[in-house]
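User: I'd like to go through this model and check what the labels rest on. Can you take my questions one by one?

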Amino acid sequence: MNERAALNQLLFNRRALLKASSAAAAGLLLPAWLIGCGDDGEPATSQQSVPQLTVDPSRPWWLQNGFGPVLDEIDASNLRVRGAIPPQLNGLYVRNGSNPQKSDSPHWFFGDGMVHGVRLENGNAVHYSNRYVRTPLYENGLSFGQGGPPDKGNNQSNVSCVYHAGKLLTSGEIGFPYEINPADLSTVGAYSFANKLVTSFTAHPKIDPATGYLHFFGYWYLPPYLTYHVADAQGHIIHTQQISVKSPTMIHSFAITETDAVFWELPVVFDLQAALNGEINPFKWTPSYGARIGIMPLMGKGRDIRWIEIDPCYVFHEVNAYREGDEVVIDVCRLNSVFDGNDLNSAITSHHRWRVNTAGTQLSFRDQVVSDRAIDLPSHDRRFTGRKHRYGWFVHTRPNLATPDLGGIARVDYQTGALALWDPGAARHSNEPFFVPAGAGEGEGWLLSFVYDRARNTSDLVILDATNVAAGPVAEIEMPRRVPHGFHGVWIPA
């Protein structure tokens, strides 16, 4: 197998997002009696009589149950609603995910990108549609690993959505984003920022709410391994800096504050020999590489980044970050390890608050456990991106050795330490909750999440009051079909 063909194999395996954990309770910010309780302190309800989610062991779990792909593209209007859609919700909710067109993906994370959109107007659910992202891999009927390295437009664009400068973009782990027409979710094409983008585009860009600037980065398996970019509010790249790191590592996300860009370089290292040997996943858990957090000025020079070593771990997703005096505070969903030979469900997930003190010539670091519950796929009020936040919203995962078992939606109040949980019942499975503002204060608004109902084998778009998650949905919009479990979405106001 030649080098480029091997490098194409599973370059960005995003395993180990979620798994229930039993991490030690010492040092928890959350009172133990609040874990698993609603806002009123009463235990969250659960339908224990419903049979546990099971899988056929002869087939991959990501091709079964709520993870399995849907192979057609449909449109439906005037969707049925249980409850009442808040009239403030006027716009389009779009969520991306992995959906292999041949139902033969080697992993959940390596299917073709498919976007699902629901348009809301004046209290009505007026339209649903789903569309494949028309990448070269999709158009040529190729599976992951067949079309060359996933650089530039040659990626599946299946992870996230971002709306910036009037453009709806989808993104994969690496490579260029794709522009999508919000009117019908058709693919416009690979988007290179007027040919100014020559590296990759992250799955998790950040929009500064004060300037409208889009901060993002790209990593790659050849130098430069890490590059930081900024696009202005009109979508023009105005700043690019290479950041020196010694080896290619998987850096899935980052964070910004009002004054800082924050990176974490963690010990998931690209192994060239593994790629040349044809191994499915050439990224390897390598704790000897070390782990560190880097802080540099927002729109600063790459040479100005300052690093602090931390214990080996992995972080796919953060809630948000902010500066508090000399300290940079980052709330993260922390995994003990990934890509270490174990499957998705073996990862131990917990929620941590990292504090990096930037005073003096040497950085210092503190690691606090916020919750040992298995919560990930976080959301926050994006009007507070880079600013001090009080709330974070998450998907809670239930223990299941056979498959990831996505459960309810949780809210953490960082001021009081309370965790509130909506448990939809054992037969229902939530996806990422996306926050849409509807008031002036932080957290005043609504959460949108696709919820798969195993008993009905279909899905609903649920709407929850973000200030009272445990109360359950104020509205549930019946989808005309099952919406497979996916990754990240965005709201486009009308």
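User: Which residue stands opposite Asp 260 in E18?

Analyst: That's Pro 297. Keep in mind that we're looking at a predicted model.

User: Why is E18 described as largely enclosed?

Analyst: Buried means under 20% relative accessible area. Six of the seven residues of E18 (residues 291-297) are buried, so the strand is largely enclosed by the rest of the structure.

User: Which strands does E21 pair with, and in what sense?

Analyst: Strand E20 (residues 314-324) pairs with E21 in the antiparallel sense over nine bridges. Strand E22 (residues 349-357) also pairs with E21 in the antiparallel sense, over nine bridges.

User: What makes the E24 to E27 sheet an open one, and which strands are its edges?

Analyst: The order is E24-E25-E26-E27, with antiparallel pairing. Strand E24 (375-379) and strand E27 (419-422) each have a single partner strand, so one side of each is left without a neighbour in the sheet. From one strand to the next, the twist averages 30°.

User: How many bridges hold E25 to its partners?

Analyst: E24 and E25 pair over three bridges, antiparallel, with Ser 379 opposite Trp 393 in E25. Seven bridges join strand E25 (residues 391-398) to strand E26 (residues 405-413), again antiparallel. Arg 398 stands opposite Asp 405 in E26, and a hairpin joins E25 to E26 through six residues.

User: How do you know that E25 is mostly covered?

Analyst: Eight of its eight residues are buried. Tyr 391, Trp 393, Val 395 and Thr 397 point one way, Gly 392, Phe 394, His 396 and Arg 398 the other, and the burial applies to all of them.

User: What makes a group of residues a nonpolar core, and which members of the largest core touch the most others?

Analyst: The set has to be made of buried nonpolar-type residues, Tyr and Cys included, joined through side-chain atoms within 4.5 Å. The largest has 48 residues, and Tyr 228, Phe 263, Ile 330 and Trp 354 touch the most other members. Apart from that core lies another, of 32 residues, including Val 115, Cys 161, Ile 180 and Val 490.

User: What does the whole chain look like in numbers?

Analyst: There are three helices and 33 strands. Of the 494 residues, 63% count as buried. The accessible surface comes to about 17,600 Å², and 49% of that belongs to carbon and sulfur atoms. Among contacts between residues at least 6 apart in sequence, 62% join residues at least 24 apart.

User: Where is the pLDDT below 50, and how does the average come out?

Analyst: The chain averages a pLDDT of 88, and 89% of the residues score at least 70. Over residues 1-48 the pLDDT is below 50, though this stretch has 167 contacts in the model beyond near neighbours in sequence. Where pLDDT is low, the predicted coordinates should not be read in detail.

Methods
Residues numbered from 1 in each chain as written. Predicted model: local features only at pLDDT ≥ 70, side-chain atom pairs only at ≥ 80, totals over all residues. Heavy atoms only, no water. Pairing = 2+ DSSP bridges. Helix = DSSP H or I, 4+ residues; strand = E, 2+ residues; numbered from the N terminus. Buried < 20%, exposed > 50% of the residue type's maximum accessible area, 1.4 Å probe, protein only. Contact = heavy atoms within 4.5 Å. Areas by Shrake-Rupley, 256 points an atom, 1.4 Å probe, with all protein chains shown as cover. Axes fitted to C-alpha atoms, helices over the stretch in contact; angles between N-to-C directions. pLDDT = per-residue confidence, 0-100.
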